[in-house]
Amino acid sequence: MRSNGLSTNQIMRQVVYALALGIGASYYFFGWGVLLQIILGVITAVVAESVFLLLRKQDVKKTISDGSAILTAVLLAVAIPSIAPWWIIVVGVSFAIIFGKQIYGGLGNNPFNPAMLGYAFLLISYPLQMSTWQVDFLSFGQSLELLFNWTNIDAVSGATRLDAVKTGLSLGNSIDNLQVYSSSQAWINAGFLFGGLYLLLRRIIFWQIPASFIAGIAVTAFLISIGNADAYLPAHNHLILGGTMLGAFFIATDPVSASTTPRGRIIYGFLIGVLIVVIRSFGGYPDAVAFAVLLMNITVPLIDYYTQPRIFGK
Amino acid sequence: MLSNIFRGGIHIPNPYPVKNPKIVKVPPPEKAVLILQQKVGGQAKPCVEVGDKVLTGQVIAGTSSQYCVPIHASISGTISAIDKQPIPHPSGIDAMCITIESDGKDKWVEKEECGADFLSCKPEQIIDKIRSAGIVGMGGAGFPTHIKVSSVKNANTLVVNATECEPGIMCDDSLMQNYPREIIRGTEILLHACSAKKAIIAIEDDKQEAFNSLLMYNHNDKITIQRIPTKYTSGADKLLIKSLLDVEVPAGKHPSDIGVLCHNVGTVKAIHDAVIDGRPLVSRIVTVTGSGVEDPKNYEARLGTSFASVVSQSKPNKQKHKIRMGGMMMGVDVNSDQYSICKITNCIFINNFEPEPQVNECIRCSSCNQVCPINLLPQQLYWSSKSESIDKALEYNLDNCIECGCCSYVCPSNIPLVDYFVFAKAVNKKQINDAERADIARQRFEYREFRIERNMSERAEMMAKKKKALKEKMAKEKQQKDKIADAIQRVSKSKENKDA
């Protein structure tokens, strides 16, 4: 006798479905790359998790069917460059599943967001492959060729807008002279935003984390640009570039590794937003969702403990 | 309608409603098994022997303990056994029971009536009547009613809980439809006994007929009949008080501490029967429902009647059943239908046997927190209860959990959260007991050490004294001897001189 709401497996599936809009936008602008990465990532996730479950002598079918490994793979595949060579996603997903999740005892026991752990691992280990981004639409054949023969990369690759802005600013250019708007990035972010709104409506995620995440970015970006507006990216550009919306609605809201109290979620989301702008503006990496989320994951037990809601009669 | 209703809770539609409000009277059984141990309070001592003839309503067990209420024969006949029998408890343990074989006459003892003139009785007399009629909380808690009534100081409000605490249970609904006059009268008796200023009878808004019938019979302006939204856990006394009066009973305190007295409507009816008719508690209303019966109904059955003989009247199907005493949320699963109905059996659920749903890991989705009427964080409590980190669980207010089961009900991973919390509470209780026991043992040991040391030092002191005394004595004796010797010498010397 349980509720008629969603089961854990259905929740995972719903999150994957909600990613479709953002993935669709990415397909529209860049072609098959992202889809190939997803397919490869999902296969890797299932294989890696099955092998590890066999080693742990656990029920393989039950765990695979909870959908969490597939979700991790899709999130990571969406986050990495769509023209990365095939082994990037394979290594990243394997690391995320094994060292991000299974080693702690599987779903529910991982302190860190597995997809972001995989992402951070890839970014540190393979900086070249992880910062070479696709600039134009590619056909299926071209994408497939790049996936397995990465040497022909130069013709179609470039830096992301965040990367370009960072380089431009570091060379002493004013923000006014740099091109900061990217329609493809804006549309992909919009896709994830609407997917996230769907999750909100289905009450799979709650408003606190995305709202405070976005507020954290906006407030911090505004504050650091006071009196120095031409040296920093304006707040609204922060919101539509890079992994902002994916992070706000799909990454930071991972219930396992996020704060679980209503007030705690606000603190957690807000500080991720702050960290993202701080790392983007002053750090060595152009984007920062993964590091910000991982750093805040560490603080979750503390946040949860000190933000317990007032109980009845106390 | 009320606006201050408590947070959380869930609306669960009644899956197997009883359509006909008529209460079916089950004839007195051939054999009644009455449990001596009630849910709260000590075990009653039998005051009859095997072979004795008893009449319906006669006291067959009682005790002087304040927390214990007497037990009455529910049928007339012969005591056939006083021994251990299985009782409806999840662990399937046995407990002392008295078995009566019916003589088929159902002859009552002479009743001591108070009649309509209860206002001339002193409150103490009424409380005594409630106790001697064997009345306990009929909503399922089983707490002795007379204790509750006499515990409250300066009562201001009497709350009659007619919310029907759990989905599926319909016994209070039918009780109100069939006995509205008795319930109003019972409320008046309680008002008199606890000298509260006003009474509120709280009914969930899905029980329109019951509300109407009570309204029709209520002519007392101290009594209001209040409808509250149908939501599960609104029957929990503290939450009900919050909905009705917008006060929160402080954590760790009882409603009586803030001058509110809360009684189940079934208890109120039983009080009416005891005070007005002099009828002790020998029967109760039981709902039989669930997917395994074709005809869910409310029955009035004598205490000690077996589950099976009541269930058989609701046309159970031929499938394998899962039997549960109490409601679908907080009831206990039992493994047989041969148990007997006791004072807290408000409902018997007969469900077709279904395999347990697959349990997944907790993903901390917080669905549980959102339905928790106490605003606990079950996801955190689960984590620490599972690992038996009781201190941590207590920091997350484990002891405030009312075990309503809302969290388990909504959990998308089908985790039986409440079972973990009940377990953690039991571990905590055991740890406290162990610590107390260890404390007592330590004190005993320390006292023993102290005693041994004291005895030894006392003994040494005594020995020293004795020794000293002996020495003195010996010295004295020596002196004496010396004196004697001296004297002898003197005498012999003078003798010599004389002789010379």
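How much area do chain A and chain B bury between them, and what share of it is on carbon and sulfur atoms?

Modeller: Happy to! First, some ground rules: this is a predicted model, where local features need pLDDT of at least 70 and side-chain atom pairs count only at pLDDT 80 or more, while totals for chains, interfaces and linings use all residues. Side-chain values use heavy atoms, without hydrogens or water, residues are numbered from 1 along each chain as its sequence is written, and chains are lettered from A and ligands numbered from 1 in the order in which they are written.

Now your question. Chain A and chain B bury about 3,300 Å² between them, and 52% of that is on carbon and sulfur atoms. Buried area is the accessible area (1.4 Å probe) that two parts lose on being put together, summed over both. The contact takes 33 residues from chain A and 41 residues from chain B, where contact means heavy atoms within 4.5 Å.

What links the two sides? The rule finds 2 salt bridges across the interface of chain A and chain B; a salt bridge is a side-chain nitrogen of Lys or Arg within 4 Å of a carboxyl oxygen of Asp or Glu. One of them joins Arg364(B) to Asp304(A), with the closest N and O atoms 3.2 Å apart. There are also 20 residue pairs in polar contact between chain A and chain B, both residues at pLDDT 80 or more. A polar contact is a pair of N or O atoms within 3.5 Å; within protein, one must be able to donate a hydrogen and the other to accept it, and residues adjacent in sequence count only if both atoms are side-chain atoms.

On the chain A side, α1 (8–18), α15 (262–282) and α16 (289–306) each supply at least two residues that touch chain B. Helices here are DSSP runs (H or I, at least four residues), as are strands (E, at least two), numbered from the N terminus. The largest share of this side, 4 residues, comes from α1(A). By class, the side of chain A that touches chain B has 15 nonpolar, 11 polar and 7 charged residues. Ala, Val, Leu, Ile, Met, Phe, Trp, Tyr, Cys and Pro count as nonpolar, Asp, Glu, Lys and Arg as charged, and the others, Gly among them, as polar.

The domain assignment, which is automatic or from a database, gives domain 1 (108–347) and domain 2 (364–500) in chain B. Leu239(B), Met329(B) and Met330(B) supply 56% of the area that domain 1 of chain B buries against domain 2 of chain B, more than any other three residues. Between these two domains the rule finds 0 salt bridges, and 1 residue pair is in polar contact, both at pLDDT 80 or more.
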